[in-house]
Amino acid sequence: MAEPKVKYDRQLRIWGEQGQAALEKSSICLLNCGPTGSETLKNLVLGGIGSITVVDGSKVEVGDLGNNFLVDESSVGQSKAKCVSSFLQELNDSVKAKFVEEYPEALIETNPSFFSQFTLVIATQLVESSMIKLDRICREANVILIFARSYGLTGFVRISLKEHTVIESKPEHFLDDLRLNNPWLELKSFADSIDLTVQDPVAHKHIPYVVILVKMADEWAKSHGGKLPSTREQKKEFKDLLKARMVSQDEDNYKEAIEASFKVFAPRGISLDLQRILNDSSSEVDSNSSDFWVLVAALKEFIANEGGGEAPLEGSIPDMTSSTEQYINLQNIYLAKAEADFLVMEQLVRSILKKIGRDSNSIPKATIRSFCKNARKLRVCRYRSIEDEFNSPNLPELQKYLTDEDSSGGATFVGRGAMAPPKPLNFHIAVGIYILLRAVDRFAANYNSFPGQFDSATDEDIPRLKSAAISLLSDLGCNGTALAEDLINEMCRFGAAELHAVAALVGGIASQEVIKLITRQFVPMSGTYIFNGIDHKSQLLSL
Amino acid sequence: MAETAATQPSRSRDLDKLLLRPGNLVGPRFEPSAQLRDDVQNHARVLVVGAGGLGCELLKDLALSGFHNLDVIDMDRIEVTNLNRQFLFRVEDVGKPKAEVAAKRVMERISGVNIVPHFCRIEDKDIDFYNDFMIIALGLDSVEARSYINNVACSFLEYDSDDNPLEETIKPMVDGGTEGFKGHARVILPGVTPCFECTIWLFPPQVKFPLCTLAETPRTAAHCIEYAHLIKWNEAHGGTAFDPDNPQHMKWVYDEAAKRAELFGIPGVTYSFTQGVVKNIIPAIASTNAIISAACTLETLKIATECSKTMSNYLTYNGSEGLHTKVAEFERDKDCLVCGPGVLIEVDTSVTLQKFMNLLEEHPKLQLTKASITHRGKNLYMQAPPVLEEMTRSNLSLPLFELMGKLSKDVIHVNGMTNKNNQKVSCLRKLRVTFKGVDGVTDMDTAGGA
């Protein structure tokens, strides 16, 4: 057997040992193992998920051989769940694979407690009514739920849980935490100890830009009543002052300083996003609060007191032109301040834990440390229940999508970089798909089959689907809005087909969201992702 | 549409709904029928370039989307680190050629599919090999490889006298790429949509550290590693090339980097990080590869059948912060050296092949050296192998006009070396040669002088 660490090397570089451990500890339940569910689970099994249980009551048919890689000739007539789970077992023998030959609808009706044993449930190809029931069950049991569906060239993915908090959100582009606009004592002293007017040209061009900017900002503030450059003219003047200090054209450190001067002009303190989290009612903690909110409560206190309006220092600095010695010294100053902030936070956390009646050591040091490093990047994701969304979707948003008034995205690039004005119809198809995917379920409830499911009925089904869609729109409060006729026809044409390529795509997206949810790293998607395989203008709808 | 006979359930039960039924949002020449499905199955040939993370997914997706005649080409062997996403391979397969194992596994599971594996480099195939395929699907991990295939596919493209691409010479490509949670999928129809070269500016240049930083003022772990890898190795092993796949070489670099880091007080040098920097390891997971390959497969199906509207023409995907997908419509560079009608070169009928080759070197847009030239499949001059070089050497002193059959103008293809980002790279270029003073009629009487 391959050494587990090496096999997972390429993914460990993304989510690290802790993320991998979280995956290996979790147990997943899959409902329905057609291609959509099978492909979702395949990706997770390859990644080393702890255990899987495949639930499906159907038998393998000849038609399944044409769209599902996880069943083969020899399994025709056998339980599909059994077949898929044994292929998955073969794919990764460190995963524990089980199957249950039952229709998910039956389990949902008669055995809801079945779901409480799992970390997460992946529910594929369920209709509206089952989605609502399962959602209630999982919310009760605190089990993460994710829906995925493929329908012809369309599909959707929707996460459902009350709240998901992320400390390690790992955003791609996030401003470093240099505090050039608000240096603390040790940083200021270090800057003071360095002479910008040093004669030696090599030394002159190896002073790190952080030092240059801290000194220049201080000089400016002294002659401007303690304030930093704020108007356009002032910012230009500041940059000119920097330029004037260059003694030759090849001084990269000064060029970096000029480029980074916007960090001096940036407002002090914390972002609006973080402020919103601090103001959330969950930050008033009690014994039921999660560790995340206890940490947020401590953060709130820190910012109001020792932090002086700032979050704990992140502690790392980007590479910059500098002598090795000055760079290392600078690095150590940032690390020391981050450590000091961490120690204060640690005390705050412990005292809050005591106050709410919990063991003051119940949140590990490592967690507090990680929280401090990531304090500016915290994310809180909340998801409406399926029932709420289905019965009362966000009407203004729905109408915006239906009329396509706010057409952002889908611009045309002409040549290199120039853009033509945005094209309309970017949300129109996606929201049409959203409505129609619910309308086909209503249709099925009435006629016991999906529109176009059988060749003979396709023509009659078109007007029936259309009226199901119209009545749904009316129920939701959107009378009179029309859906594209072409789209209605296409949905009938699809006849509830589960195409492999669409299933693989939708399954790929669902599996990726599962990874983010379980590792608690990176940010899961919000809202409902509507896959539009017709022209690939897929959209996220926030209803 | 007649109902399928109950006694013979269709394997392509789901695909049939897409290919046998008429639709509204479809391509202009969509002809729904069992014939269409059967044609795709029996006659459409698709080449999958690469049998790695994307390639494995592509083979599965294409086979389950009605394509039963596939070829796959990959020069690599299976490694343990592939196993977290290249699902056609097992531990026992480590060391075997990817293309062969991938083909075998898919054929085992999906009956009726025929996949021909090619365990070799893409450059080892004749250009004509690529012309046998209806569509080429790319699952590559390098800019150079993409460029090569793009050059080849675009070399088939011909234009009419109004500079419109001739449809039957368009070789469609579907190209996918991934990195961690990000990826892209694009459709390339040479002459119609931008080719890889038209949008080469999309790819940012690779990060290189300044030499003085590595040598004098290292600050980060990466600096220490690259110093050991790029500078110290040659000093200590002058003559032996560094082999990133040799664990002893890698360990040597790691030890040297660690020593240097300790000397300068720099944290962060680990063996894993050293590997990452030296090999330029790109983190990779199954899900992103699955998404991108599936998108590519859908487009391949649409190109082959027109069963739906196509993506126009570049999809980007990012799943690290929420979920972002976007389709951008890029436009062609009309003057593209690869997919354009070809650089126009006007010469006298007296110009010899040798003189012509000198002109190519001096031409500001081309700067082509070591040229090998073909005209309508005929070798005019070949730099290699020695046998061919000897055979075609005598052509060098002959007038190009005669070698090209005394046509007043025609397209030739030139393989050679050119400069890109201060590096010499190989390239294939299409040239339109017109001869001064010759009218459109190829007349024996107007033969050029010596």
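The side chains of B:Arg90 and A:Glu90 form a salt bridge in this predicted model, with an N to O distance of 3.0 Å. Across the interface of chain A and chain B, 10 salt bridges are found. Polar contacts between chain A and chain B join 46 residue pairs, both residues at pLDDT 80 or more. Helix H22 of chain A, residues 500-519, supplies 11 residues to the side of chain A that touches chain B. This is the largest share of that side.

The size of an interface is often given as the accessible area lost when the parts come together. Chain A and chain B bury about 7700 Å² between them. Of this area, 56% lies on carbon and sulfur atoms. In chain A, the residues that lose the most area to chain B are A:Arg10, A:Phe69 and A:Arg493. Together they account for 12% of what that side buries. The contact involves 94 residues from chain A and 91 residues from chain B.

Within chain B, helix H2 spans residues 34-43. Its buried residues are B:Leu36, B:Arg37 and B:Val40. These residues lie on the same side of H2(B), because they cover an arc of only 100 degrees around the axis.

One annotated position was located in chain B. An unreviewed UniProt entry lists B:Cys212 under "active site". In the model, B:Cys212 lies in helix H7 of chain B, which runs over residues 211-215.

How values were computed
Residues numbered from 1 in each chain as written. Chains lettered and ligands numbered in written order. Predicted model: local features only at pLDDT ≥ 70, side-chain atom pairs only at ≥ 80, totals over all residues. Heavy atoms only, no water. Buried < 20%, exposed > 50% of the residue type's maximum accessible area, 1.4 Å probe, protein only. Helix = DSSP H or I, 4+ residues; strand = E, 2+ residues; numbered from the N terminus. Arc of directions from axis to C-beta. UniProt positions renumbered as here; feature names shortened; annotations may be inferred. Contact = heavy atoms within 4.5 Å. Buried area = accessible area lost by both parts, 1.4 Å probe. Salt bridge = Lys/Arg side-chain N within 4 Å of Asp/Glu carboxyl O. Polar contact = N/O pair within 3.5 Å; in protein donor to acceptor, adjacent residues only side chain to side chain.
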